[in-house]
Protein chains: 2
Amino acid sequence: MFERAKEAIEKAKRVLLISHVNPDGDALGSSLAMFNSLQITGSKRVRIVNVSDDLPRSYDFLPGFEKISKTFSGGYDLAIAFDCASFDRLGVDKIDAPLIGFDHHPTNEGFADIDINDPSYSSTGELVYDFLKSSGFVIDKNVALCLYSAIVSDTGFFRYENVNSALFKKCSELVELGVDPSYVADMITQRESLAKLRLKAKILDTLTLYLNARVAVVKLTQDMLKSTGAAPSDAEEAANMARSLATVEVGVLLREEPNGDVKVSLRSKRFVDVSKAALIFGGGGHKRAAGFTVKGKDFDTVLKEVLDILKKELA
Amino acid sequence: MFERAKEAIEKAKRVLLISHVNPDGDALGSSLAMFNSLQITGSKRVRIVNVSDDLPRSYDFLPGFEKISKTFSGGYDLAIAFDCASFDRLGVDKIDAPLIGFDHHPTNEGFADIDINDPSYSSTGELVYDFLKSSGFVIDKNVALCLYSAIVSDTGFFRYENVNSALFKKCSELVELGVDPSYVADMITQRESLAKLRLKAKILDTLTLYLNARVAVVKLTQDMLKSTGAAPSDAEEAANMARSLATVEVGVLLREEPNGDVKVSLRSKRFVDVSKAALIFGGGGHKRAAGFTVKGKDFDTVLKEVLDILKKELA
């Protein structure tokens, strides 16, 4: 699976690395791992891009974070997309270069020229580690730090599916290369803002149970953001907290966007494939975490439609 | 370090296993691991004891959990204490048998006849794994499940100090033996009660910052327990959440007990050794997590005394 990508990367002189908009730790960590590894070889010009307005500050400790650019022009021999299931999620009109795609989303559309996509992987970071290692690319302490951070980000610190014996062995190797697990955890989880904590309390106050307490719904309004001073991304964990209830299979976060759109995040626990529900509304994601956006409807209408779908899935 | 304990266990016919009161996942998991392993040999009578009124339900999935007894009488050749730093934390007057102590607390008082205590270990579970493995005791799927659960419990899912390359390798082995990491995570973290979530929101609402926002204090009153229906142990995470703020080094949870005592939990992030502060008040614990109880004083008085100590530690 890796051979063609290895040859393409070795041959390329000007390489563009790009990850999906609103990047998470896996998107940033996996692309920065490749960035740091290719920088070491010295013989390539490498640019790392994410077109999002804001990158999550909790990953600003990753080596190369400050090199991530919002823009790029042409002139690349090769582009590599990370953690991205469809071309439009890259947030750019087109890329004038052959494209490699490293991904682990089951909903991946196969948009790249060379697709390296395996949904059995815990994270794109784990996949990139296997690629770099088997292809003989450099994995120093900085590369290892980016990969380990990608892995813990996408596994919720080893709590989700696809955490297996092989992944722990790889993490043992990454730590051997110099990663400090408690430092990474501190950077990612121990630099919360007071605004975020205040927002969390407000969101928890909206928690309501539906469908025999199998579905927990929490809400985020623009007013709540204004009164706490928190950022919209500060609400991400709220859907996870809703899901953590014993009776609950699906946690739902309804988010009011500045333009009045309703953004819906779905998190499931054991058997509901929320990526299916998200696809119905034109969104996407994983079995256990997916999302979509609805235009021109209020919270109650959107919630009713979502519950109608979930009712069938829970039956 | 293991040889004497190995011989003592091999020789014993009637063995008592006991862990500290108000047990956490490490106390339960490490003692149940030994219980399951010794049960398999068949030739011993083994009793597992914890004298606490309530055991945390989140660990009721561990094999043998329902065998944990509140009481025991005499007649044992050997007793083994797990995860316990001082004899009084076992909650019993005396034990009429030679005592082995497996522990990793730096504050361990060396009360056992054979002390197997190493503070460089992440958890007593990790230590017991090394012991069972090097001593040739059986480690089947059930034993592995108890050990893995002890490890994730005491490392906060691989986020605290003492998580190293060797620990990840051991976890790789435990998963190889049949442990499902996402099942364990679901059992421990995804069976929350609505009462606990409501309590969490209430506790977060009390959050106040002191000493240039280096200390975050949250409070739990008996009224909050009554109005939510939550249990006192449901508040444990609140001190962790207080500590997670970027500016904060120490998170403090002040807890009103039914008799009016004030129970204080301290959690530190990087450099304050909270076990020192706890010792001053007659309590104990780890560098990063410790606690104590104060009689006959109100919240404000206790808080003032705690802040006076912390001020020096933060200076």
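The views below all show a predicted model.

**View 1. N212 in the loop between β6 and β7 of chain B, and N212 in the corresponding loop of chain A.**
With 8 C-beta neighbours inside 10 Å, N212(B) counts as exposed, because the cut-off for that class is 12 or fewer. The loop that holds N212(B) runs between β6 (208-210) and β7 (215-220) of chain B, and the phi of N212(B) is near 55°, a positive value in a residue other than glycine. In chain A, N212(A) is placed in the loop between β6 (208-210) and β7, has a positive phi near 55° although it is not a glycine, and is exposed, with 8 other C-beta atoms within 10 Å.

**View 2. The contact between chain A and chain B.**
In this interface 35 residues of chain A are in contact with 35 residues of chain B. The elements of chain A that contribute two or more residues to the side touching chain B are α5 (165-176), α6 (181-189) and α7 (194-205), and α5(A) gives the most, with 7 residues. Sorted by class, that side of chain A has 17 nonpolar, 8 polar and 10 charged residues. Of the interface residues of chain A, 100% are also interface residues in chain B, so the copies meet through the same surface.

Chain A is superposed on chain B by a rotation of 180° with 0.0 Å of shift along its axis, the RMSD being 0.1 Å. Within chain A, the C-alpha nearest the axis belongs to A201(A) and lies 2.4 Å from it.

**View 3. Helix α7 of chain A and what covers its buried residues.**
The 12 residues of α7(A) should span 16 Å at 1.5 Å a residue, and the end C-alpha atoms of α7(A) are 17 Å apart, which agrees. Its buried residues are K196(A), L199(A), K200(A), K202(A), I203(A) and L204(A). The cover over these buried residues includes β7 (215-220), α8 (222-228) and α9 (236-243) of chain A, together with α7 (194-205) of chain B.

**View 4. Domain 1 and domain 2 of chain A.**
The domain assignment of chain A gives domain 1 as 3-189 and domain 2 as 194-314, and the centres of these two domains, taken over C-alpha atoms, are separated by 27 Å. Their contact takes 7 residues from domain 1 of chain A and 7 residues from domain 2 of chain A. By class, the side of domain 1 that touches domain 2 has 4 nonpolar, 2 polar and 1 charged residues.

**View 5. L147(A) and the largest nonpolar core.**
The largest nonpolar core has 124 residues, of which L17(A), L147(A), L17(B) and L147(B) touch the most other members. Not counting residues up to four places away in sequence, L147(A) touches G29(A), A33(A), G125(A), V128(A), Y129(A) and L174(A). Apart from this core lies another, of 38 residues, among them V215(A), A235(A), A277(A) and F292(A).

**View 6. Helix α3 of chain A.**
Helix α3 of chain A covers residues 124-135, and its 12 residues should span 16 Å at 1.5 Å a residue; the end C-alpha atoms are 16 Å apart, which agrees. The buried residues of α3(A) include T124(A), G125(A), E126(A), L127(A), V128(A), Y129(A), F131(A) and L132(A). After α3(A) comes G136(A), whose phi is positive, near 75°.

**View 7. A79(A) in strand β3 and G101(B) in strand β4.**
A79(A) lies in strand β3 (residues 78-82) of chain A and is buried, with 25 other C-beta atoms within 10 Å. Leaving aside neighbours within four places in sequence, A79(A) is in contact with L16(A), I18(A), I95(A), A97(A) and L99(A). In chain B, G101(B) belongs to strand β4 (residues 99-103) and is buried, with 26 other C-beta atoms within 10 Å. With residues up to four places away in sequence not counted, G101(B) touches A81(B), C84(B), F111(B), A112(B), D115(B), I116(B) and N117(B).

Key
Residues are numbered from 1 along each chain as its sequence is written. Chains are lettered from A and ligands numbered from 1 in the order in which they are written. This is a predicted model: local features need pLDDT of at least 70, side-chain atom pairs count only at pLDDT 80 or more; totals for chains, interfaces and linings use all residues. A nonpolar core is a set of buried Ala, Val, Leu, Ile, Met, Phe, Trp, Tyr and Cys residues joined through C-beta atoms within 7 Å. A residue is buried if 20 or more other C-beta atoms lie within 10 Å of its own, exposed if 12 or fewer, and partly exposed in between; C-beta atoms are placed from the backbone. Two residues are in contact if their C-beta atoms, placed from the backbone, lie within 7 Å. Helices (H or I, at least four residues) and strands (E, at least two) are DSSP runs, numbered from the N terminus. Ala, Val, Leu, Ile, Met, Phe, Trp, Tyr, Cys and Pro count as nonpolar, Asp, Glu, Lys and Arg as charged, and the others, Gly among them, as polar. Copies are superposed by least squares on the C-alpha atoms of residues with pLDDT of at least 70 in both. Domain bounds come from an automatic or database domain assignment. The expected span of a helix is 1.5 Å times one less than its number of residues.
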